[in-house]
Amino acid sequence: MSATLQQKKRPEFKNIHVTQIISYRLPAGGFASFLHRFSGALMFLALPLLLWLFDLSLTSELSYARLAEVFSSWVVKVVLLGLGWALLHHLVTGIRHLLLDLHIGIDRDAAARSALLVYFISLPLTLVAALKLFGVF
Amino acid sequence: MASNIGTRRLVVGAHYGLRDWLAQRVTAVVMAVYLIAFGVYALFVLPPGYEAWAGLFVPLWMKVATLVVLMALIYHVWVGMREIFMDYIKPTSIRLLAYVLTLLWLAACAVWSAQILWRV
């Protein structure tokens, strides 16, 4: 009886635990996907900040003027830049995931290439956002 | 059981997450369309200043469209956060608590965003 129970012990497949993320060498698609999840969680945590800024921008002319004051702090700028990156990465990898769902670019090589292409779109756009935020143009 | 894999997988009954999977994608498309259209308009067409910015949210259709997109965002966030909690929080009681707090918090955000929009 115990022998058959032993035999029937099925293999366990576990998710990568959050503490193991760094030690895993993920393929490009896996890493882009991990950052998709990370950027999503980041934006969830920032939701109150964003709603507060939206509130300030619409309530009155006075609160709109206060917004400029808030934006002048470099801490806020860095936080907003981080969120800008999160949004752009999440959007671009999200579109990639939707295309994969439609079986577009689903074979191994194409998927690996698109996983790298993601950064070539999201990072330059983040750079543009950074230049705009820090008043280069 | 043998036929319950691959393309023959049984996906009816308890839905096995199909509804959330689909909702996550539909809400994503709704947000992407709004975000890109809104972003292009706000960056390249809209004149600077409070008048033009607040004026954008005066028509009822814009309030409704924005709120619908925010509702889509909240549903999308719920599906995503639930997925994260399911993967990383193993003790059932803590996971349940995380679900409840997230739902309450998102409900509060929904009410808050409606209040912001309808004050313009």
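**Exercise 1.** How many residues does helix α3 of chain B have, and how far does the helix reach from its first C-alpha to its last?

*Solution.* A word on the setting: this is a predicted model, where local features need pLDDT of at least 70, side-chain atom pairs count only at pLDDT 80 or more, and totals for chains, interfaces and linings use all residues. Residues are numbered from 1 along each chain as its sequence is written, with chains lettered from A and ligands numbered from 1 in the order in which they are written.

Helices are DSSP runs (H or I, at least four residues), numbered from the N terminus. Helix α3(B), residues 60-88, has 29 residues and reaches 42 Å.

**Exercise 2.** Find which residues of α3(B) are buried, and what they pack against.

*Solution.* Buried means 20 or more other C-beta atoms, placed from the backbone, within 10 Å of the residue's own. B:Leu70, B:Leu73, B:His76, B:Val77, B:Trp78 and B:Gly80 qualify. Their partners are α2 (28-59) of chain A and, in chain B, α1 (18-44) and α4 (92-117); contact needs C-beta atoms within 7 Å.

**Exercise 3.** Describe how α2(A) and α3(A) pack.

*Solution.* Start with the geometry: the angle is about 130° and the axes, lines fitted to C-alpha atoms over the stretch in contact, lie 5 Å apart. Next, the contact: α2(A) brings A:Leu53, A:Leu56, A:Ser57 and A:Thr59, while α3(A) brings A:Ser63, A:Tyr64, A:Arg66 and A:Leu67. Finally, of the 12 residues of α3(A), zero are buried, so this helix lies largely in the open.

Technical notes
Helix = DSSP H or I, 4+ residues; strand = E, 2+ residues; numbered from the N terminus. Expected span 1.5 Å × (residues − 1). Contact = placed C-beta atoms within 7 Å. Axes fitted to C-alpha atoms, helices over the stretch in contact; angles between N-to-C directions.
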